[in-house]
Amino acid sequence: MIRDRKKEALVAFILILPFLSIYSLIFVYPTIDMFLLSFTDAPLIGKGEWVGLENYTRLPNDRRFDTAFWNTAYFVLLSVIPGTFVALAIALGISRLQGRLQAIVLALFFLPYILPVSVVYRLWDWTLNFQFGIAMHLFDLMGIDRVPIFKVTGWFMPAVAMVTVWWTSGFSILLFLAGLRSIPNEIYEAASLDNTNRWTLFRRITWPLLWPVTALVLTIQLILQLKIFDQVYLFSVGGRPNDNLVMVYYIYQRAFVSNDGGRAAAIAIVLFIIVIIVSVLNFQLMRFAEKRS
Amino acid sequence: MNKYVAIAFAGLMASAVQAEETVVWWDFLGGGDGVRMKQLISDFNEANAGEVKIDATTLEWGVPFYTKVQTSVAVGEAPDVMTYHASRIPLALEQGVLDEITPEDWAAMGFGQDDFAAQIWDGVTGPDGKIYGVPLDTHPIVLYYNKDILGAAGQLNADGTPVGMGSREEFTAMLQAIADSGKVKFPLGSVTADGNFMFRTIYSLVGQQDGELLTDGDFLVGDNAAKLENALAVLQEWTTAGLQSTYTDYPATVALFTSGEAAMMINGVWEVPTMTDLHAQGKLFEWGAVELPVIFDHPATYSDSHVFAIPAGSAEDPAKRAAVLKVISGILKESLFWATAGHIPAYKAVTDSAEYKAMEPNATYSSLTANMIYDPKTPLAGVAGPIFDVMSTYFVPALNGELDPAEAVASITEDLNDM
């Protein structure tokens with residue numbers, strides 16, 4: 001049969017046109033527009049004057065940007081790796097359970113994930129509130145001094161990271177469980193015929209075969225946590241916001257509190273580039289690790 | 001046949017003339033005062049049925065409200081009238097979201113400059129001398145106190161007001177006496193976990209020393225820094241002496257006071273309805289509210305005003321404009337009821353009335369209108385503005401004894417000046 005390549009291309013183009021136009025309208029165009037915005041002194045709404053690279057060159061000397069940058073890095077460190085390993089440990093535990101019990105335990109661990117962030121904030125505020133929190137009464141019983149967890153800089157990020165791990169690990173657990181189920185049972189049977197102990201089973205079979213899932217979870221977590229905002233915002237409202245700044249929080253402050261659209265766009269572009277670099281690096285590292293094993 | 005068409009046409013015309021004008025209204029009044037505003041709105045709608053109807057929506061207070069206003073004005077979807085904070089007017093003018101209230105508008109409403117206190121009028125005046133809002137009220141902070149506990153500790157005057165209101169020494173001695181009576185966890189409940197809120201108290205104390213935040217575009221010039229340091233130092237002293245609650249957020253502060261665990265509380269007048277309602281249900285002790293104590297040289301209290309503002313470009317049609325002005329003047333004239341929400345009405349005819357003068361606790365604290373100070377006029381100030389975040393960051397550790405007041409002031413000055 002003779003194929004009319006030109007016509008096929010035309011049909012293909014017409015078929016993808018709806019997607020292409022919507023994608024361009026709601027993603028490509030705003031992205032380009034934001035990029036241009038970052039070179040102006042525009043307010044949140046409306047046009048501004050072209051100021052060249054000024055919004056970028058002032059960032060290295062901007063103390064709030066500095067705080068936001070390092071806090072974000074610290075938060076990623078505190079949440080991504082611990083979060084992944086906690087989820088893996090829980091998934092390994094759940095996979096040893098059977099039938100209905102397994103379903104119930106899995107549901108219990110998954111439950112926090114379905115909560116909206118405002119509910120998560122309320123729950124933990126009730127628990128850790130300095131004057132009325134439930135945990136503080138426990139502290140009193142045990143004779144420990146009360147700690148104003150969300151009002152002290154040293155405690156803030158670890159506490160928010162802990163809450164985030166508690167909140168989001170449900171999804172990672174599901175991914176890990178799916179990964180664990182896809183490892184054929186025959187391999188474990190063969191290994192047990194050789195009298196392999198449990199640690200070796202994990203190290204030689206489970207870990208390497210689960211690696212693609214682990215890499216996926218790490219990547220998802222990494223990108224998600226670089227964009228942290230909600231929890232940090234909710235827990236620091238009224239407290240010490242400028243000590244607890246993270247990148248997206250600073251973008252929000254610049255754009256919505258200070259009415260500096262241009263400067264906010266510049267920070268957003270920097271975050272965008274950081275996310276790209278980190279995810280590419282992460283992906284390459286994962287591939288490298290995979291090849292080696 | 002033609003006759004019928006003509007009649008039908010005339011009928012249509014008539015109904016068009018009589019058509020009810022709907023005024024879209026946005027506010028941010030979500031607390032006890034919001035309930036009272038809803039009452040005022042429904043009363044207005046009833047009284048003006050068939051002519052003007054208010055279609056009201058209550059939105060989230062603070063940055064969410066002001067962001068929504070800004071975006072809605074930009075796309076032409078703004079309401080016809082909205083509540084605004086006088087302290088946010090400088091930023092609003094920079095954003096171009098407000099319409100001028102013209103002399104003709106004032107004439108239509110039947111109000112003028114003489115109907116409002118000088119500080120309140122100044123709060124709605126732009127740098128160009130034009131007026132951008134109609135003041136509804138002024139809402140300062142006051143000192144709430146528990147008469148039962150203060151009475152038992154011998155700290156009440158014959159007229160039922162607290163004794164130690166004249167100086168720093170007197171007030172501290174009163175706190176100490178309440179602490180010694182052993183009845184409460186804290187003599188004074190303060191919102192020490194929320195620096196945004198404490199800005200009001202601290203700025204009042206700075207005002208009591210004639211200090212100012214902004215002088216010709218620079219922050220904390222000259223001895224103003226020392227005055228801020230004094231204000232932080234006295235509050236820190238109360239904390240370290242165990243006289244003031246530590247790391248207490250807003251709801252916890254109200255709870256400490258209403259449960260009797262704190263004998264006094266510095267809070268906004270908008271908590272008056274909370275106390276009135278609880279007391280009416282028999283769930284609250286005898287209580288009172290007075291003007292802040294004089295800790296430094298002379299009385300001064302931070303205040304802000306709720307004002308009615310017209311978003312730029314929204315009520316340009318004359319009929320709509322007239323309806324909006326009717327709404328504003330209607331609510332203002334009924335603002336005696338608004339006073340039950342704790343706020344001090346801005347309209348003098350109301351505050352001069354015998355009914356208002358008999359209203360408690362408003363009458364006791366309304367003396368403070370002579371000593372009110374407002375936010376500095378800059379786009380950086382105002383409720384939930386950028387100054388708030390800077391202040392809050394250093395106030396919280398300073399108030400709770402973690403950070404030396406001098407260090408806090410140094411950091412605040414540095415941060416404010418590089419905004």
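In this predicted model, 27 residues of chain B are in contact with 20 residues of chain A. By residue class, the side of chain B that touches chain A divides into 12 nonpolar, 11 polar and four charged residues.

Within chain A, two helix pairs that involve helix 7 (residues 153-181) of chain A can be described by the approach and crossing of their axes.

| Helix pair | Axes come within | Crossing angle |
|---|---|---|
| Helix 3 (residues 63-95) of chain A and helix 7 of chain A | 6 Å | roughly 40 degrees |
| Helix 7 of chain A and helix 9 (residues 198-226) of chain A | 9 Å | roughly 165 degrees |

Helix 3 of chain A and helix 7 of chain A are therefore oblique to each other, and helix 3 of chain A passes helix 7 of chain A in a right-handed crossing. The residues of this contact between helix 3 of chain A and helix 7 of chain A comprise 18 nonpolar, nine polar and no charged.

Because angles over 145 degrees count as roughly antiparallel, helix 7 of chain A and helix 9 of chain A are roughly antiparallel to each other, and their crossing is right-handed. In this contact Ser172(A), Leu175(A), Phe176(A), Gly179(A) and Leu180(A) of helix 7 of chain A meet Leu210(A), Val213(A), Leu216(A) and Val217(A) of helix 9 of chain A, a set that divides into seven nonpolar, two polar and no charged residues.

Methods
Residues numbered from 1 in each chain as written. Chains lettered and ligands numbered in written order. Predicted model: local features only at pLDDT ≥ 70, side-chain atom pairs only at ≥ 80, totals over all residues. Axes fitted to C-alpha atoms, helices over the stretch in contact; angles between N-to-C directions. Helix = DSSP H or I, 4+ residues; strand = E, 2+ residues; numbered from the N terminus. Parallel < 35°, antiparallel > 145°, perpendicular 65-115°, else oblique. Left-handed = near helix turned anticlockwise from the far one by under 90°. Nonpolar A, V, L, I, M, F, W, Y, C, P; charged D, E, K, R; others polar. Contact = placed C-beta atoms within 7 Å.
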